[in-house]
Amino acid sequence: MTVHGFRSTFATWAEECTDYPDGVREAALAHKYKSETTAAYQRGQKLEKRRALMKDWAAFLTGANVIQLGDRREG
C-alpha cells in the first residue's frame, strides 16, 4: 500500500466503525479544517482523544477485536 492508501483505510475505518468526532479523526490524520472559522477556534491537539483512537486502530489492525470461530471443517 502506498501511504495514501493507508491513510484512506484509516479514515474509512474511523468514519464507519467508530464514534470518534470528525475533529479527532482529522487531527489524527494531521488534516486542516476545511472551514477557516472552525480552524481558528480549534487550536487544541486533542492528544488524549487521539491516543484512544490510535489504541483502537491498533486493536483493529492486530485483530484484537476479532472473534475466533471454531474449525468448521468436518473431520
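User: Where is the place of Arg25?

Analyst: Arg25 sits in helix H2. Please keep in mind throughout that this is a predicted model. As for the overall layout, the protein chain has four helices and zero strands, and from the N terminus on its elements run α-α-α-α.

User: Why is Arg25 called buried?

Analyst: The relative accessible area of Arg25 is 11%, and the word buried applies under 20%, so Arg25 is called buried. Across the protein chain, buried residues make up 15% of the 75 residues.

User: What does Arg25 touch, leaving out residues up to four places away in sequence?

Analyst: Arg25 touches Phe10, Ala14, Glu15, Tyr20 and Leu53. In the case of Leu53, which is 28 residues apart from Arg25 along the chain, the C-alpha atoms of the two are separated by 7.9 Å. For the protein chain as a whole, residues 24 or more positions apart account for 51% of the contacts with a separation of 6 or more.

User: What makes the pair of Glu15 and Arg25 a salt bridge?

Analyst: The closest N and O atoms of Glu15 and Arg25 are 2.5 Å apart, and the term asks for a side-chain nitrogen of Lys or Arg within 4 Å of a carboxyl oxygen of Asp or Glu, so the pair of Glu15 and Arg25 qualifies as a salt bridge. This pair links distant parts of the chain, with Glu15 in helix H1 and Arg25 in helix H2, 10 residues apart. In general terms, side chains of opposite charge can pair when their charged atoms come close.

User: Which residues are linked with Arg25 in a network of salt bridges?

Analyst: The network links Glu15, Asp22 and Arg25. Besides the bridge to Glu15, the side chain of Arg25 meets that of Asp22 in a salt bridge at 3.3 Å, N to O, and here both residues lie in helix H2, three residues apart, about one turn of the helix.

User: How do you know that Glu15 and Asp22 are partly exposed?

Analyst: Partly exposed covers what lies between under 20% for buried and over 50% for exposed. Glu15 has a relative accessible area of 48% and Asp22 has 42%, so both fall in that middle range and are called partly exposed.

User: Where is the place of Thr18, and why is Thr18 called buried?

Analyst: Thr18 lies in the loop between helix H1 (3–17) and helix H2 (22–28). Its relative accessible area is 15%, and since buried means under 20%, Thr18 is placed among the buried residues. The side chain of Thr18 reaches the backbone oxygen of Ala14 at 2.5 Å and the backbone nitrogen of Tyr20 at 3.4 Å.

User: Which residues form the largest nonpolar core?

Analyst: That core has eight residues, namely Phe10, Trp13, Ala14, Tyr20, Val24, Leu29, Leu53 and Trp57. H1 and helix H4 (47–62) each supply at least two residues of this core, and H1 gives the most, with three.

User: How many salt bridges does the structure hold, and what is the distance between the closest N and O atoms of Glu48 and Arg51?

Analyst: The structure holds three salt bridges. In the one between Glu48 and Arg51, the closest N and O atoms are 2.9 Å apart, and both residues lie in helix H4, three residues apart, about one turn of the helix. Both Glu48 and Arg51 are exposed, whereas Arg25 is buried, with a relative accessible area of 11%.

Note on methods
Residues numbered from 1 in each chain as written. Predicted model: local features only at pLDDT ≥ 70, side-chain atom pairs only at ≥ 80, totals over all residues. Heavy atoms only, no water. Buried < 20%, exposed > 50% of the residue type's maximum accessible area, 1.4 Å probe, protein only. Polar contact = N/O pair within 3.5 Å; in protein donor to acceptor, adjacent residues only side chain to side chain. Core = buried A, V, L, I, M, F, W, Y, C linked by side-chain atoms within 4.5 Å. Contact = heavy atoms within 4.5 Å.
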